Amino acid sequence: MDGYYAWMIVATALVLMMTTPGLALFYGGMTRAKSVLNMMMMSYVAMAVVGIVYVLWGWSESFGPKSVAGGLFADPFTLFGLKDVAWGSYVGVCFQLTFAVITAALISGAIADRVKLSSWVVFLPLWVTLCYFPLAHMVWGGGWISTHLAAQDYAGGTVVHINAGVAGGVLALIIGRRVGFMRDPMKPHNLTLTMIGAGLLWFGWYGFNVGSIVLTGKTDAANTQQFMSETGVTFLNTTIATMAAMLAWLAMERVMHGKATSLGAASGIVAGLVAITPSCGAVNVVGAIGIGAVAGAACAYAVGLKFRFNLDDSLDVVGVHLVGGVVGTVLIGFLSTSAAPGGIDGLFYGGGLTSLGHQAGAAGISIVWTGVFTTLIGLAIKYTIGWRVAEDDEVDGIDFAEHGESAYDLDGRSGGVRTPVPAAHVKSPVSEGAMA
Amino acid sequence: MKLVTAVIKPHKWEEVREALETFGVTGMTVSEVSGYGRQKGHTEVYRGAEYDIALVPKIRIEIVADDGDTDDIVGIIQKTAQTGRIGDGKVWVMPVETVVRVRTGDRDTAAL
């Protein structure tokens, strides 16, 4: 299965690209010009922090051999620092590492423009340890959900999107609204970045979904057969669900607000990808189009609700990832077909309510689990080191306050260099010319 | 001497500049500005959130000219910048007391 191995190397790099720069660009373009660097940094920093935590105890806690607490998580110390993990498994470890990274990075969109980098760095290891690794174990690592429910989650509707969506909503609530929310204009400052980000996410998502294949054959030939048919289904479903979601989002906002927008297209792409993530191996072509269309329309509607609840989920992590994740996870209960790789019939294919019950159960457990633990972490940070930058810094722009930089120098009127430059490094073209 | 200031639509700027250059205006100061008049702003919608954009981008041209040229310059700007729709802008003229050319120290008309 050297073909499979080569593909997994590529898939892992593709998923890494989803966070840096895909998600960073997607989010960065949607923030204001004074906070784009901080927004992008939250993704980049999540990559580094979560990645290192992952090889230390993340892999062990998610996929380690020793399931503890009735299958809620695996012992984080069994394979600590990848002890006793064979080199041949390293690409698999890295593939899963990139999933943990992007899930944590997704949360940053809900709390844009106002969080101290140091608090984010403290939050990341706590959150993946208490929320991501346990859910990954429960759903994929042989833990509680996989042993008690026949729920399908091909690439992370529960583990990634419901998980990040709930966490984003909880943190937005605990951390509070940005200064001037609903009063000052907070429109996206550069939608071309967002369009590029959405495109890169889509491209990278083939690694995410198609790379999530689990070979179950007893022989090499059986595995080859499975690999060369199942990847076609997941690739196609990922593609057409995303297309349907983009069109549905555009149609929805055309009706609700009068225009089909570029931000709507970018958002629809992500909503569709989110919803097809758990379901790409469960449904046929019609099911994929249906899931995409429902997700696009539902998320386009849902992103407006934050204004009604006065919740500053700044870049709609709840509206896109929680709603899209729930749509994709629960619709499996209706649209799943035994003709797809998952092999389970949903309500519309004569399977009755069984699948629907298992899907709703997995979604519900994920929501409760991450809701409880994110609340605990969020409050602990709030009442110790605190989450927010000073109000003045937030108003003036978090980029300068936290990083000492500004993203754009469009007029070039920044003034002279104050740092003295060593004389040896000063080259005068006039004197060189004279010497020549 | 007079200071002619004009605020015009950005896409008309190149046309206005050419017309003024043909007439013989040798220099001017140009800035990108924003403001509003009767044109008002507009509304933009992002993921369903509406934003009132009060300010409209414009180009501001400033020319210091001899008294005798002022009416022609105002006329040229008015004709070339015109589209006939709301938002074409304004031109106004103010008296100028003194002008100095920084390089030579020339004063007033010699400095133009």
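1. Contacts of G169(A). In this predicted model, G169(A) touches A110(A), D313(A), V318(A) and L322(A), when its neighbours within four places in sequence are left aside. The residue belongs to helix α6 of chain A, which covers residues 157–175.

2. Surroundings of G169(A). Is G169(A) buried or exposed? A residue is classed as buried when 20 or more other C-beta atoms lie within 10 Å of its own. G169(A) has 25 C-beta neighbours inside 10 Å, and therefore counts as buried.

3. Chain A as a whole. Chain A contains 16 helices and two strands. Its radius of gyration is 23 Å, close to the 22 Å that the globule rule gives for 436 residues, so chain A is as compact as a globular protein of that length. The C-alpha trace of chain A spans about 80 × 55 × 50 Å along its principal axes.

4. Burial and contacts in chain A. Buried residues account for 54% of the 436 residues of chain A. If one considers the contacts in chain A with a separation of 6 or more, 78% of them are between residues 24 or more positions apart.

5. Helix α8 of chain A. This helix comprises residues 220–257, that is, 38 residues. How far does α8 reach from its first C-alpha to its last? The distance is 54 Å, close to the 56 Å expected at 1.5 Å a residue. Just after α8(A) comes G258(A), whose phi is positive, at about 95°.

6. The pairing of α7(A) and α8(A). Helix α7 of chain A is formed by residues 191–210, and its axis comes within 10 Å of that of α8(A), with a crossing angle of roughly 140°. The crossing of these two helices is right-handed. On the side of α7(A), the contact is made by W202(A), W205(A), Y206(A), N209(A) and V210(A); on the side of α8(A), it is made by T231(A), T234(A), F235(A), T238(A) and T242(A). Five of the residues in this contact are nonpolar and five are polar, while no charged residue takes part.

7. The secondary structure of chain B. Chain B has two helices and six strands. In which order do they follow one another along the sequence? The pattern is β-α-β-β-β-β-α-β.

8. The dimensions of chain B. The radius of gyration of chain B is 17 Å, whereas a compact globule of 112 residues would have a value near 13 Å. Along its principal axes, the C-alpha trace of chain B spans about 60 × 25 × 20 Å.

9. Burial and contacts in chain B. Of the 112 residues in chain B, 16% are buried. Among contacts in chain B between residues at least 6 apart in sequence, those that join residues at least 24 apart make up 69%.

10. The contact between the chains. Chain A contributes 14 residues to this contact and chain B contributes seven. On the side of chain B that touches chain A, the elements giving two or more residues are β3 (42–46) and β4 (49–53) of chain B. Of the elements on that side, β3(B) gives the most, with three residues. By residue class, the side of chain B that touches chain A consists of four nonpolar, one polar and two charged residues.

Notes. Residues numbered from 1 in each chain as written. Chains lettered and ligands numbered in written order. Predicted model: local features only at pLDDT ≥ 70, side-chain atom pairs only at ≥ 80, totals over all residues. Helix = DSSP H or I, 4+ residues; strand = E, 2+ residues; numbered from the N terminus. Expected span 1.5 Å × (residues − 1). Contact = placed C-beta atoms within 7 Å. Nonpolar A, V, L, I, M, F, W, Y, C, P; charged D, E, K, R; others polar. Axes fitted to C-alpha atoms, helices over the stretch in contact; angles between N-to-C directions. Left-handed = near helix turned anticlockwise from the far one by under 90°. Rg over C-alpha atoms; globule rule 2.2 N^0.38 Å. Buried ≥ 20, exposed ≤ 12 C-beta atoms within 10 Å, placed from the backbone.
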